[in-house]
Amino acid sequence: MDIGAELRRRFAQVRLLSLDLDGVMTDGGVYYAETGEELRRYDIKDGTGIVRLREAGFHLAVITNSRGVAIERRMQRLGIQHFHMGIADKLPVLRSVAESLGFGLDAVAHIADDVNDLTALRAVGLALAPADAVPEVLAVAHYITKKNGGRGAVREVCEMLLEIQKSRQGSVQQ
């Protein structure tokens with residue numbers, strides 16, 4: 001992975017990956033069934049990345065303004081430890097989760113795609129954006145994924161975190 005030393009340092013300090021839902025874990029589309037039920041599309045490969053990251057010892061949070069039983073089921077299936085729905089201002093929740101885990105926001109990465117996450121993105125140690133995020137988010141992101149939200153962006157971030165952690169552990173053991 002060809003990233004600069006400062007960005008590598010930011011990735012290396014991450015202990016908590018926080019994710020927005022719509023436009024990050026999903027493609028941003030909301031589908032309505034005839035019954036009125038909202039449906040979202042998730043990328044299974046993104047989910048595998050999340051599980052691999054969790055199994056490697058990273059903490060995970062999903063903080064979303066959305067609500068729904070299907071969302072809860074997806075988060076349970078992925079084993080998301082810190083899941084919060086109906087949250088418009090995400091920074092206080094993100095700060096609380098980090099503090100409960102015993103570290104500051106410098107050890108947090110947050111990935112989001114729209115303006116409602118700007119305060120959280122500006123406060124964390126590693127601000128991430130999918131390739132199709134709005135310009136305001138792209139402008140504050142430390143790293144912009146090559147993939148779009150709901151189409152591999154989360155997996156890309158997970159793989160980068162795992163690779164940097166692995167290379168860091170290798171250099172510590174040598």
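**Around F11**

Guide: Set aside the neighbours within four places in sequence, and F11 is in contact with I3, L126, L128, Y143, M160, L161 and I164. Contact here means heavy atoms within 4.5 Å. The model is predicted: local features need pLDDT of at least 70, side-chain atom pairs count only at pLDDT 80 or more, and totals for chains, interfaces and linings use all residues. Numbering starts from 1 along each chain as its sequence is written, and side-chain values use heavy atoms, leaving out hydrogens and water.

A search of the whole structure finds one aromatic pair. It joins F11 and Y143: the ring centres are 5.8 Å apart and the planes stand at 80°, so the pair is edge-to-face. (Rings of Phe, Tyr and Trp, the last by its six-membered ring, pair if their centres lie within 6.5 Å; planes under 30 degrees apart are stacked, over 60 edge-to-face, the rest tilted.) F11 sits in helix α1 (residues 5-12) and Y143 in strand β8, 132 residues apart, so the pair links distant parts of the chain. Helices (H or I, at least four residues) and strands (E, at least two) are DSSP runs, numbered from the N terminus. Both F11 and Y143 are buried. Buried means under 20% relative accessible area, exposed over 50%, and partly exposed in between, with a 1.4 Å probe and protein chains only.

F11 also belongs to the largest nonpolar core, which has 32 residues; F11, L17, L19, M25 and L128 have the most contacts inside it. (A nonpolar core is a set of buried Ala, Val, Leu, Ile, Met, Phe, Trp, Tyr and Cys residues joined through side-chain atoms within 4.5 Å.) At least two residues of this core come from each of α1, β1, α2, β4, α3, β6, β7 (126-129) and α7 (153-173). Helix α7 gives the largest share, seven residues. A second, separate core of 23 residues includes A61, L94, V108 and V124.

Now step along the chain. V14 lies in the loop between α1 and β1. V14 is buried, at a relative accessible area of 5%. Neighbours within four places aside, V14 is in contact with F58, A107, A109, L126 and L161. The C-alpha atoms of V14 and D106 are 7.6 Å apart, though 92 residues separate the two along the chain.

Next comes the sheet. Its six strands form an open sheet in the order β5-β4-β1-β6-β7-β8, with parallel pairing. Strands β5 (82-84) and β8 (143-144) stand at the edges with a single partner each, so one side of each has no neighbour in the sheet. Strand β1 (residues 16-19) pairs with β6 (residues 108-111) in the parallel sense over four bridges. Two strands pair if DSSP finds at least two bridges between them. L16 has V108 as its bridge partner in β6.

Just after α3, G79 takes a positive phi of about 75°.
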